[in-house]
Amino acid sequence: AKAVQGKWNPATAELAGQPLSDSVLKLISLKLDHRKYEVFVGAEPDRGTYTLDAAANPKGMTVTGTEGPNHGKTFPAIYELTGDTLRICYDLSGAQCPTEFKTSAGTKLYLVTYNRQKE
């Protein structure tokens, strides 16, 4: 759990099979710290908690919004950490945990690859 803590910037992201533009990616940042998360899309913060299930395959994550646009929402996700690269695939519909790191049209799957921000 300690390994995922830190500040992250998205390198690539796609929602429902469509890539997000670089101009959008530049506005996004993620901070993971002691089971709390903070995402900024521009100046608008989204805060909440996360739990990890490292025993699952792929590894599972549950994200729960407590403040901001996702207040009261829970998103199941999977994650993969390789060095300073963190891949997360979220189901923004909240329906079920994704089973693989991909999105497709007609879904609310959101796949993002983050790079650790150097201190």
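A: The accessible surface of the chain comes to about 6900 Å², with 52% of that area belonging to carbon and sulfur atoms; areas of this kind come from the Shrake-Rupley method with a 1.4 Å probe, and for residues only the protein chains shown count as cover. This is a predicted model, in which local features need pLDDT of at least 70 and side-chain atom pairs count only at pLDDT 80 or more, while totals for chains, interfaces and linings use all residues. Residues are numbered from 1 along each chain as its sequence is written, and side-chain values use heavy atoms, with hydrogens and water left out.

The chain has 1 helix and 9 strands, where helices (H or I, at least four residues) and strands (E, at least two) are DSSP runs numbered from the N terminus. From that terminus on, the order of elements is β-β-α-β-β-β-β-β-β-β. The radius of gyration is 13 Å, close to the 14 Å that the globule rule gives for 119 residues, so the chain is as compact as a globular protein of that length; the radius is taken over C-alpha atoms, and the rule is 2.2 Å times the number of residues to the power 0.38. Along the principal axes, the C-alpha atoms fill a box of roughly 35 × 35 × 30 Å. Buried residues make up 33% of the 119 residues, where buried means under 20% relative accessible area, exposed over 50%, and partly exposed in between (1.4 Å probe, protein chains only).

Now to the charges. The chain has 14 positive and 13 negative charges, whose mean positions are 3 Å apart; Lys and Arg count as positive and Asp and Glu as negative, without His or the chain ends, and each charge is placed at NZ of Lys, CZ of Arg, CG of Asp or CD of Glu. Side chains of opposite charge can pair when their charged atoms come close. A search of the whole structure finds 6 salt bridges, each defined as a side-chain nitrogen of Lys or Arg within 4 Å of a carboxyl oxygen of Asp or Glu.

One of them joins Arg-116 and Asp-84, at 3.0 Å from N to O. This pair links distant parts of the chain, with Arg-116 in strand 9 (residues 109-116) and Asp-84 in the loop between strand 7 (74-82) and strand 8 (85-91), 32 residues apart. Arg-116 is partly exposed at 22% relative accessible area, and Asp-84 is likewise partly exposed, at 35%.

Another salt bridge joins Glu-38 and Arg-47, at 2.5 Å from N to O, and Arg-47 counts as partly exposed at 26% relative accessibility. Glu-38 and Arg-47 also belong, with Glu-67, to a network of salt bridges.

The side chains of Lys-102 and Glu-100 form a further salt bridge, at 3.9 Å from N to O; Lys-102 has 48% relative accessibility and counts as partly exposed, as does Glu-100 at 43%.

Not counting residues up to four places away in sequence, Ile-28 touches Asn-9, Pro-10, Leu-20, Val-39, Phe-40, Val-41 and Tyr-110, a contact being heavy atoms within 4.5 Å.
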